[in-house]
Amino acid sequence: MPRRVQIEDPKYDDVPDADEPEETIRFKSSNSNVSDDQEPFMGIKVRRKASLHRDHKGDYLNVPSHPFLIKILQKQGDNEVLFADRVLKFTGSGKMKRCVLMITDSAIYIVDPEVDALKRRIVLAAVERVCLSELSDNFFAVIVPSEYDLLMASTRKTEIVTVLVEATKAKSATGFELDVVFSNRFEYNAASDLVKEVQFEEVEGGVKTRILRK
């Protein structure tokens, strides 16, 4: 019988402890900042009122002020940070963990801020597409066929996706453009041998999100 996670769309500060059992994970629901005209992202995505008028800063962590982040980038030969912020990442077991997401002109970095350690580096060329729902929520999945995928949540998902699309295109010698797929149901590989399905449903007061083991 598949294990099911029912998650209500979060504001970032309402995230519960990541050690809570998978079945009890819940976010406070809120769609009070959805725009009246439902202006879409890339023609489809419902946008929040706050995101319509937000200036994109890119580096929200001030990376140069964090020596351990600079050390990680220098070790990999990267020096141009296009985006940096704290996000929520879903582990293979379905738990949520706060991490640092950095995007450079060459790769995606996932860093554990609790131990100041690089957990994963994904070259941009390995990313095939990004999946989002058509609703107003914070979730997005980065699909990496040669490895395994990332499911994350961020209030800055629009900026993250835009940066990934632009950086991938700029890095490609053939003009490859990253696919951005919108669907209220999509699959992702939570681990190399574990497929999960994410389902989104608009309900009164917000968006309900379910994560099911396939």
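A residue is called buried when its relative accessible area is under 20%, exposed when it is over 50%, and partly exposed in between, with a 1.4 Å probe and protein chains only as the basis. The structure is a predicted model, in which local features need a pLDDT of at least 70 and side-chain atom pairs count only at pLDDT 80 or more, while totals for chains, interfaces and linings use all residues. Residues are numbered from 1 along each chain as its sequence is written, and side-chain values use heavy atoms, with hydrogens and water left out.

**The chain as a whole**

The protein chain has three helices and 14 strands; here helices (H or I, at least four residues) and strands (E, at least two) are DSSP runs, numbered from the N terminus. Of its 214 residues, 48% count as buried. The accessible surface of the chain comes to about 10,600 Å², and 46% of this belongs to carbon and sulfur atoms, as computed by the Shrake-Rupley method with a 1.4 Å probe, where for residues only the protein chains shown count as cover. A contact means heavy atoms within 4.5 Å, and among the contacts between residues at least 6 apart in sequence, 49% join residues at least 24 apart.

Strand β6 covers residues 107–112, and six of its six residues are buried. On one side lie A107, Y109 and V111, and on the other I108, I110 and D112, so that both faces of the strand are covered. Two strands are said to pair if DSSP finds at least two bridges between them. Strand β5 (residues 96–104) runs antiparallel to β6 and is joined to it by four bridges, with V100 standing opposite V111, and these two strands form a hairpin with two residues between them. Strand β7 (residues 117–123) also pairs with β6 in the antiparallel sense, over six bridges, and A107 stands opposite V123 of β7. The β6 and β7 hairpin has four residues between its strands, and D116 lies in the turn.

| Residue | Relative accessible area | Class |
|---|---|---|
| N62 | 45% | partly exposed |
| D116 | 39% | partly exposed |
| C131 | 3% | buried |
| D112 | 6% | buried |

N62 has a positive phi of about 55° although it is not a glycine, and its place is in the loop between α1 (49–52) and α2 (67–76). D116, in the loop between β6 and β7, likewise is a residue other than glycine with a positive phi, near 55°.

D112 belongs to strand β6, and, leaving aside neighbours within four places in sequence, it is in contact with K97, A117 and K119. C131 lies in strand β8, and with neighbours within four places again set aside, C131 is in contact with F140, A141, I143, V181 and F186. The C-alpha atoms of C131 and V161, which are 30 residues apart along the chain, are separated by 9.5 Å.

**The nonpolar cores**

In soluble globular proteins, nonpolar side chains tend to be buried together. A nonpolar core is a set of buried Ala, Val, Leu, Ile, Met, Phe, Trp, Tyr and Cys residues joined through side-chain atoms within 4.5 Å. Which members of the largest nonpolar core touch the most other members? Of its 27 residues, these are L101, I108, V142, M152, I160 and L164. At least two residues of this core come from each of β4 (81–90), β5, β6, β8 (129–132), β9 (139–143), β10 (150–153) and α3 (157–171), and the largest share, six residues, comes from α3. Apart from this core lies another, of 18 residues, among them L88, M96, F186 and Y188. Not counting residues up to four places away in sequence, I108 touches L101, M102, R120, R121, I122, L124, V127, V142 and L164.
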